[in-house]
Amino acid sequence: MASGASSVGELTERGNNAYERSEFRESIEYHEQALTIAREIGDRGDECNRLGNLGRAYYALGEIRKAIEYHKQALAIAREVGDRRGEGEALLRLGESNMVFGDWDKSLQFFNDALEIFETMESLTSRGEVLSYIGELQIKSGEWEDARENLEKSLELSDRTTPVGKIDALMNLGELFSVEDRYEDAFSSFKEALRIASDSELSTKKVKICNKIVRARLMDFESNKSKESLLRANNYCISALKLAKYLQMPLDQGISLRNMGIVSFRYNQINESKSYFRQSLKKFQTIGARYELARTYLELAKTLAETNMLLEAEEKTKVCAFDATHKEFKELKVRSYVLLGDIIRKQDSSQYGYYLTALKAAIFNPKIYTRTIFLIIYRMKEMERDTTIEFIKALKEVNIEVHFDTFLNALASKIQGNGEDYNTEDLPVELKEELDNFPIQ
Amino acid sequence: MNGEKKDFWILLWSGEDIRINDEDIRLIIQSDAPDAEIHVVNLENLRQMGVTGLKSFLDGYSEKSVLVISSSEEAEKMDFWKLGFIMGKVSAHSKGGKARIIGFAKGDQTHCFQELSDLLLKCETEIEIKREIKNLMKDLGIETKFDIKEFTAGKRSAGGGI
């Protein structure tokens, strides 16, 4: 219970300590008390900082709307009192928060605004941090060349200041190499990040790096069936879990447990896998981390679907979809609907309704919309001819985009062989390739 | 316009749901009302104007029709923004060879909002409303065309699966 402290400094320290222990509700209580005092004594600077702390705690809980609200208030005060660092920090956090919603353009705008401020302040460390965030965002949105450029710039800036600043950029660079299937380069980046964290005795960072390595190792296993990578994923998972437990980092423990669930599943240890997922869910439920909780439900559902435990998979995906809808985790919502589509189609190959819902839900972000288009095209290739024709008609009803509309017309014509000619010259090359390579039954 | 009264819809949105740039909107409106002079106004300014202010604002352009369109961070606070769109209706007629606004409806603040209210009653979900909006956009000849590079990014990230 947050009590017994009276000064802003003391309450803030307790709030921060609670945050470090992932006791986010407790952290909020302390920071709220500190905020009240800061307001009472009219200390605008302290008020701004406490609002930022509250924003971070709500962010960790997955209460993103509330986090945004606090960061916006902090931003307004920072601007009012001319606190440039506070303004940049609030903008950075607003960018981070909007990333969870999948509002990538908005995030990028906030990051760019923060960058501009840190540039005028000539703050190399903060510039490096923002560039690393921008790189992370660009990896998510598939803009890999831009991501590389920004991450390299971030590393260059950190080289001129402190090596610790390089850790996040190296982690993101590792992730970029992973999505590009350049696993050896990815592992080198992660290794370097781990070395810096060890040299600087940053154990909490080590947990985060280990969890990232697990994901990359799993991707390598899935792409190349590398048994060594699976073994290493397992080892890194165990290390991350032990360290997170030792350091009392329940949020990271939850992530490690989720990763253990995936690793065990890949070893065909289904019961162990389920047990790890259950522990991950429990951990996130205990600390109230809704976003990570929803992600664990989705990962669990994916493994259940792969083992044809379809009813259970459907139930878990719906929990994720419900939470994602309720909390506006829009990207996660789209992903859950695609997975629901896969689960239902396994039971009845003529069903495609959830894919339509996924496309509708993706309207808010062109990159997520186009990603959903390709996820849908891959699935259409596995459908029966008549179902595909029916599905194309339904897609045309919900689609809002001109290129995809042309693609659907041309595909329908190709499948039905009705000789109708559609001008596909202006189609993006990726859609043209899909059209040319679409198997005709 | 040829001296006839004509109604046309104005769609305003955040860019979160349906993307179209201001220039395309101008072209669409101009094809319907060739004499129209179009002014792009930040929605936050519009919000602060209120209905009375808006009327004065429109009156300021008495010889011309006005399109008010934009997006803004602050717009998130508006109730109807949650639906991802804003709809307005303009009644215009020509005067001296130039189009002139004679009425403007937005939000639920004027009697002309009836159409949107009907839509909200008719549709049970946000998705249905968006579908109706989409139909309306089609009727207006508004198209959403993503930049080709969005497809490169989309295909790349689809490679990673769900």
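Two residues are in contact if their C-beta atoms, placed from the backbone, lie within 7 Å. By that criterion, 23 residues of chain B are in contact with 27 residues of chain A. The model described here is predicted. Chain A has 22 helices and 0 strands, whereas chain B has 5 helices and 3 strands.

**Chain A as a whole**

- The secondary structure of chain A consists of 22 helices, with 0 strands.
- The radius of gyration of chain A is 23 Å, close to the 22 Å given by the globule rule for 441 residues, so chain A is as compact as a globular protein of that length.
- The C-alpha trace of chain A spans about 75 × 45 × 40 Å along its principal axes.
- Buried residues account for 55% of the 441 residues of chain A.
- Where contacts in chain A link residues at least 6 apart in sequence, 53% of them join residues at least 24 apart.

**Chain B as a whole**

- Along the sequence, the elements of chain B follow the pattern β-α-α-β-β-α-α-α.
- Of the 162 residues in chain B, 29% are buried.
- For contacts in chain B between residues at least 6 apart in sequence, the share joining residues at least 24 apart is 75%.

**Where the two chains meet**

- The contact between the chains involves 23 residues of chain B and 27 residues of chain A.
- On the chain B side, helix 4 (126-140) and helix 5 (148-158) each supply at least two of the residues that touch chain A.
- Helix 5 of chain B gives the most to this side, with 10 residues.
- By class, the side of chain B that touches chain A comprises 8 nonpolar, 5 polar and 10 charged residues.

**Domains of chain A**

- Chain A is divided into domain 1 (1-122), domain 2 (289-347) and domain 3 (348-441).
- A distance of 31 Å separates the C-alpha centres of domain 1 and domain 2 of chain A.
- In chain A, 8 residues of domain 1 are in contact with 9 residues of domain 2.
- Helix 4 (64-81) and helix 5 (84-101) of chain A each provide at least two residues of the side of domain 1 that touches domain 2.
- That side of domain 1 of chain A has 5 nonpolar, 2 polar and 1 charged residues.

**Helix 19 of chain A**

- Helix 19 of chain A covers residues 366-380, and its 15 residues reach 21 Å from the first C-alpha to the last, close to the 21 Å expected at 1.5 Å a residue.
- This helix of chain A is mostly covered, as 12 of its 15 residues are buried.
- Among the buried residues of helix 19 are Pro366(A), Tyr369(A), Arg371(A), Leu375(A) and Met380(A).

- Ser229(A) lies in helix 12 (residues 227-246) of chain A.
- A residue is buried if 20 or more other C-beta atoms lie within 10 Å of its own; Ser229(A) is therefore buried, because it has 23 other C-beta atoms within 10 Å.
- Leaving aside residues up to four places away in sequence, Ser229(A) touches Arg217(A), Asp220(A) and Phe221(A).
- Asn17(A) is 212 residues from Ser229(A) along the chain, and the C-alpha atoms of these two residues are separated by 36 Å.

Notes
Residues numbered from 1 in each chain as written. Chains lettered and ligands numbered in written order. Predicted model: local features only at pLDDT ≥ 70, side-chain atom pairs only at ≥ 80, totals over all residues. Helix = DSSP H or I, 4+ residues; strand = E, 2+ residues; numbered from the N terminus. Expected span 1.5 Å × (residues − 1). Domains from an automatic or database assignment. Nonpolar A, V, L, I, M, F, W, Y, C, P; charged D, E, K, R; others polar. Rg over C-alpha atoms; globule rule 2.2 N^0.38 Å.
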